[in-house]
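Subject: Structure for you to look at

Hi there,

Here is the structure I promised to send over. Please open it alongside this note and have a look for yourself before reading on.

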Amino acid sequence: MVATATATAASASATATASASASAAAPSAAGAAADPDPAADLVLLTAAGTAVAAQAQPAEEPRKRAAFRPDIEGLRGVAVLAVLAFHAAVPAFTGGYVGVDIFFVISGFLITGLLLARPIGLRDFAARRARRILPAAAVVLVATALAGGALLDPLRGTDLARDLIASAGQFANWRFVGQQTDYLGAERDPSPLQHFWSLGVENQFYLLWGVLLLGLARYLRGRRRTAVIAVATTAIGGVSLLLCIRWTAGSAPLGYFSTASRLWEFAAGACAAMLGSALAGWLPRAGRSGRPVGRALRLLGWAGAAAVLVAVLRYDRNTPFPGSAALLPVLGTAAVLLAGPAHRALGATDVGRLLAARPLRAAGRLSYVWYLWHWPVLTIAQARYGALPWTTLVALTAASAVPAWLTMRLVEQPLRYGSSPAPRRGLAVGASALVIPLIAGLTLGGGTVRALGDTTGPIAVPAGAVDGPALLAPGSRVLSLTPSLARAREDFPPGHGCEIPLGAENSPRCLFGAEDSPDRIVLIGDSHAGQWISGALALAEQRNWALEVLVKPGCPLATLTVRNNVLGRTFDECDRWRENTLTRLATGPKPRLIVMAGLNRYGSGPERAEGWSRTLDRLSAIGAPLAYLGDTPMPGRDIPTCLAASDGRSDACFFPRETAFEQDPLLAGGLAERYRVRVLDLGPLLCPGTGPDCPAVLEGVVLYRDAGHITDTLAKVLAPRLDKGLLPAG
């Protein structure tokens with residue numbers, strides 16, 4: 001999966017494990033009402049024209065063989081092996097995530113070929129899809145719920161329960177759009193069900209395409225229907241491609257997970273099916289005049305295979321994807337599929353012969369269920385035992401083929417081929433496969449909520465010390481973890497909306513305290529400034545001042561350009577926001593105090609120093625007093641999850657001092673003295689002593705709500721220190 005981590009070093013690669021989809025194949029149009037044999041169903045049609053010819057002939061079995069496409073079965077094998085290798089971190093397969101695109105193109109090709117060849121009722125179509133896709137998915141969802149409940153900590157179990165409900169409801173992709181687009185949510189570890197995003201996209205495509213094509217088939221016939229479908233496919237595909245390119249540049253998660261930005265890949269397969277239909281009908285009649293076309297198709301097939309291989313081996317996590325980069329594997333796959341109409345006349349060197357190799361076809365037959373099983377195995381194992389070497393991940397991936405094979409033989413195939421072909425039976429199977437995982441998700445969620453305790457009561461904030469080595473004031477005690485593990489992850493500061501979206505370039509009017517007061521404190525920076533809102537608000541309220549918050553996540557206040565991995569590109573909006581904000585401060589009423597804070601991880605040490613100098617030149621010209629809050633230690637791991645996994649034992653969640661801090665030019669580089677900045681460094685308090693580790697809990701207070709931001713409770717505890725350290729006496 002393409003990386004969509006935030007620009008900060010605190011960001012975990014939550015979307016660095018983006019998944020590929022195992023597309024569901026449609027029933028063969030050459031068969032009768034019941035689904036045909038598995039091989040024919042997996043590879044379907046040579047093209048719609050071949051299927052029509054097969055229906056018109058009484059010799060059904062020979063025609064079924066003619067429609068068989070072993071190269072498509074092998075192509076599915078290539079796609080799933082690429083994805084598995086990528087998820088197992090096998091060296092060289094850095095672009096294996098393009099397997100999702102291969103599957104999407106194949107799905108568009110097969111479904112369009114089927115529906116053009118033999119329009120069926122919408123209920124029949126839905127029943128076939130439900131019987132094909134949902135039972136195996138339900139088995140994996142229930143098994144993941146059981147494994148997650150037994151092996152994961154309660155916090156991750158709660159997340160898993162929500163993901164399970166979204167996956168069972170076929171809208172997991174939109175859940176992950178919301179999670180990964182959220183700058184703060186993107187720091188969490190990947191879900192064991194994150195790969196179900198692609199199944200959601202598939203099923204949403206099937207719904208749209210089935211209604212569109214079957215609706216047109218009801219009112220149009222012959223060439224007119226084909227022409228209208230071709231125009232509609234081209235239009236939908238063109239709009240989707242434009243959205244894909246735009247969203248990939250503006251928000252990588254939206255571009256990656258959304259259905260609208262992926263429809264063009266299915267449309268590419270649909271176009272290949274329609275063009276292939278024409279070729280399949282013309283080539284057998286063309287004789288010698290068709291040989292140049294056959295040779296061109298051979299070359300096209302090899303060129304397409306080469307394009308896919310280049311994407312698998314050359315793309316990596318830094319490739320802005322999908323966007324225009326997806327054109328290479330998508331068009332390559334469409335070229336391989338389009339080369340199929342001439343495959344019987346081609347020689348031994350044809351790419352179709354290569355793809356039809358037995359090992360690839362075996363992987364292709366297992367691809368759907370293997371894809372479903374491997375990701376929960378990998379993520380739950382790593383959540384339980386920590387990061388694993390790629391050799392171990394490969395072994396786990398191979399082992400996941402065992403439950404995949406059992407699911408295929410004992411669940412998927414019996415329900416697909418052994419049950420009644422009546423639509424109502426298929427729909428009943430699908431409904432059951434939706435309801436059972438939903439029940440499992442609700443059960444898991446209820447159990448984890450009970451394990452975590454109360455999540456609604458107010459948080460009792462202990463009194464903090466004004467100075468000295470102790471965090472809490474004398475006589476103040478904390479009897480249990482504060483905030484509780486049920487609340488720690490959601491212990492955000494007020495005014496969460498003040499932290500503007502990544503694409504925004506201007507901060508809104510965001511005032512707290514005495515909003516009408518002419519005196520105000522300005523808190524400015526990125527999300528590591530936003531974490532101090534409650535502490536700064538205490539300063540303002542004691543003086544009946546206003547607090548103005550100017551915060552943009554992932555954007556350094558120091559003047560330097562950075563790359564944002566959520567956007568997948570240079571963070572140009574950050575530069576424009578910084579310029580707009582500094583201009584706004586320079587032209588507005590002079591504040592009583594400007595408090596600066598931020599992540600101290602952008603760029604190199606010299607770049608940070610130079611960037612701060614440029615920013616401080618402009619801020620000092622305003623004439624307001626300047627104060628700086630040194631960055632807090634960086635745990636680099638989700639602290640509430642760690643504590644939940646260790647039953648609240650804080651000593652199990654220490655993190656290395658050497659990675660907790662970076663050199664800060666305002667603390668040690670002489671910039672504070674040059675620009676007369678009042679500095680408060682709380683690092684020694686939050687990571688006391690000189691030992692090798694920093695604590696995650698101090699005097700009963702949970703310090704961090706995720707992998708890099710302090711809890712709002714801690715910000716309130718530290719308010720007395722901010723008052724004394726940032727404002728001069730009197």
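Below is what turned up in it, going from the whole chain to single residues.

A word on the source: this is a predicted model, in which local features need pLDDT of at least 70 and side-chain atom pairs count only at pLDDT 80 or more, while totals for chains, interfaces and linings use all residues. Residues are numbered from 1 along each chain as its sequence is written, and side-chain values use heavy atoms, with hydrogens and water left out.

**Overall**

The protein has 31 helices and twelve strands; these are DSSP runs numbered from the N terminus, with helices being H or I of at least four residues and strands E of at least two. Of its 730 residues, 58% are buried. Here buried means under 20% relative accessible area, exposed means over 50%, and partly exposed is in between (1.4 Å probe, protein chains only).

**Cores**

The largest nonpolar core holds 95 residues, and F196, W197, F321, Y368 and L372 have the most contacts inside it. Helix α5 (residues 99-117) gives the most to this core, with twelve residues. A second, separate core has 54 residues, among them A540, L680, L685 and V702. By nonpolar core I mean a set of buried Ala, Val, Leu, Ile, Met, Phe, Trp, Tyr and Cys residues joined through side-chain atoms within 4.5 Å.

**A helix pair**

The axes of α6 (residues 122-151) and α16 (residues 358-385) come within 10 Å and cross at roughly 10°. That makes α6 roughly parallel to α16, a label for angles under 35 degrees. The axes are lines fitted to C-alpha atoms over the stretch in contact, and angles run from 0 to 180 degrees between N-to-C directions. Residues of α6 including R132, A136, V140 and L151 meet residues of α16 including Y368, L372, I380 and R384; contact means heavy atoms within 4.5 Å.

L372 is in contact with A136, A137, V140, H195 and F196, leaving aside its neighbours within four places in sequence. L151, in helix α6, is partly exposed at 37% relative accessible area. Not counting residues up to four places away in sequence, L151 touches I380 and R384.

**An enclosed helix**

Helix α22 (residues 533-542) has eight of its ten residues buried, so it is largely enclosed by the rest of the structure. Its buried residues pack against several elements, including β2 (520-525), β3 (546-551) and α31 (719-726). Just after α22, N544 takes a positive phi of about 60°.

**Backbone details to check**

Most residues other than glycine have a negative phi, and most peptide bonds are trans. These places depart from that:

- The bond from F321 to P322 is cis, with omega near 5°, and P322 sits in the loop between α13 (291-314) and α14 (327-338).
- The bond from T482 to P483 is also cis, with omega near -5°; P483 is in the loop between α19 and α20 (485-488).
- A89 is not a glycine, yet has a positive phi of about 60°. A89 lies in the loop between α4 (70-87) and α5 and is partly exposed, at 39% relative accessibility.
- R676 has a positive phi near 55°. R676 is in the loop between α28 (671-675) and β9 (677-680) and counts as exposed, at 76% relative accessibility.

How values were computed:
Angles under 35 degrees count as roughly parallel, over 145 as roughly antiparallel, 65 to 115 as roughly perpendicular and the rest as oblique.
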